[in-house]
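I opened a new notebook page for this model. My plan was to go from the overall make-up to single contacts.

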Amino acid sequence: MNRASENAVFVQLPLKIGLRDEASFDTFVTEDEATVLALSRFQQSLASRNRHEAFYLRGESGVGKTHLLQAACRFVTEQQRTSVYVPLNDERLSLIPDVLNGLETMPLVCLDDVDAIVGEAAWEKALAKLLMRSKELGHQVVLSGQEPMGDWRLVTRVLTQALMGVLPISIQPLHNPQDLVIALQRHSAKLGFKLPLAVGNYLVRQYSTDLQELLSVLKILEQATFVEKRRLTLPFVKQTLSRANPA
């Protein structure tokens, strides 16, 4: 684990949350030009220490919202600033609204699955307070969810007002097989091994066109290459996956 990863994990120890090793902007792939431009502005905002902006990453499950939130945390940590990532819909954490108290002191706060807590007055007030205090301090907040903010059934006026300054970014799923293979190759490189083009094409053709499902397969291959000390060849991949998924 590199120093940046250690720092990112350190500030999150109270929540027992770590960042995925492959979560970086370099490993994210999108085929939508508008998303590319929006994410470019997003990164520029993160790079600025005196530019408060809040963002809402919206998209269906599996498009990479969590990846981008964790990439943002890693990005600012590499600049020697602290960050925190909180998955609000993780039932294992048993979170309460008070978990947001004091987070405005962090230069970057990333809240995943925010639409899971809207509609609950205590959560809405805590989120509104975080957004407003972060703005006062010049810090950044990034939210994610599946529904457009305009479709949220809010129960408090204070959150409605606080959300007025939040910039939405729509994240679209990958459909082009070539882009899926590129995404897999970037992830494998980050994990420390090479994914040949023929293997990537085979995985997309034979297993799935859903990136999250493909990344699960990639994890199996990563472990196999580590254990058996072998490169990824097509025969080795077929053999490994046949053992993992016997007929």
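The entries below follow the order in which I looked things up.

**Ground rules**

I am working on a predicted model, where local features need pLDDT of at least 70, side-chain atom pairs count only at pLDDT 80 or more, and totals for chains, interfaces and linings use all residues. Residues are numbered from 1 along each chain as its sequence is written, and side-chain values use heavy atoms, with hydrogens and water left out.

**Entry 1: overall make-up**

I listed the elements first. The protein chain has 9 helices and 5 strands. I take these as DSSP runs numbered from the N terminus, helices being H or I with at least four residues and strands E with at least two. Read from the N terminus, the order is α-α-β-α-β-β-α-β-α-β-α-α-α-α.

Next I checked burial. Of the 247 residues in the protein chain, 49% count as buried. Buried means under 20% relative accessible area, exposed over 50%, and partly exposed in between, with a 1.4 Å probe and protein chains only.

I then looked at contacts, meaning heavy atoms within 4.5 Å. Among contacts in the protein chain with a separation of 6 or more, 75% are between residues 24 or more positions apart.

**Entry 2: the sheet**

In what order do the 5 strands lie in the sheet? I read β2-β3-β4-β1-β5, an open sheet with parallel pairing. Two strands pair if DSSP finds at least two bridges between them. β2 (83-87) and β5 (166-170) are the edge strands, each pairing on one side only. From one strand to the next, the twist averages 15°.

I followed β2 further. It is joined to β3 (residues 108-112) by 5 bridges, and the two run parallel. Valine 84 has valine 109 of β3 as its bridge partner. Tyrosine 85 stands opposite cysteine 110 in β3.

Is β2 covered or open on its faces? Both faces are covered. Ser83, Tyr85 and Pro87 are buried on one side, and Val84 and Val86 are buried on the other.

Helix α3 (residues 65-77) lies across β1, β2, β3 and β4, and runs at about 165° to β3. Axes here are lines fitted to C-alpha atoms, for helices over the stretch in contact, and angles run from 0 to 180 degrees between N-to-C directions. Helix α4 (residues 121-137) also packs on the sheet, where it touches β1, β3, β4 and β5. Its direction makes about 145° with that of β4.

α3 also meets α2. Their axes are 10 Å apart, at an angle of about 35°. From α2, the contact uses Leu39, Phe42, Gln43, Leu46 and Ala47. From α3, it uses Leu68, Ala72, Phe75 and Val76.

**Entry 3: aromatic pairs**

I searched the whole structure and found 5 aromatic pairs. Rings of Phe, Tyr and Trp (its six-membered ring) pair if their centres lie within 6.5 Å; planes under 30 degrees apart count as stacked, over 60 as edge-to-face and the rest as tilted.

Phenylalanine 25 lies in the loop between α1 (3-10) and α2 (33-47), and phenylalanine 42 in helix α2, so the pair ties together parts 17 residues apart in sequence. Phenylalanine 25 is buried at 14% relative accessibility, and phenylalanine 42 is buried at 0%.

Another pair is tyrosine 56 with tryptophan 152, with centres 5.1 Å apart and planes at 75°, so it is edge-to-face too. Tyrosine 56 lies in strand β1 (residues 54-58) and tryptophan 152 in the loop between β4 (140-145) and α5 (157-162), so this pair ties together parts 96 residues apart in sequence. Tyrosine 56 is buried at 1%, and tryptophan 152 at 9%.

I also noted one aromatic cluster, formed by Phe25, Phe42, Phe55 and Phe75.

I ended with threonine 225, found in helix α8 (residues 211-228). At 11% relative accessibility it is buried. Leaving out residues up to four places away in sequence, threonine 225 touches Phe193, Arg230, Leu232 and Phe236.
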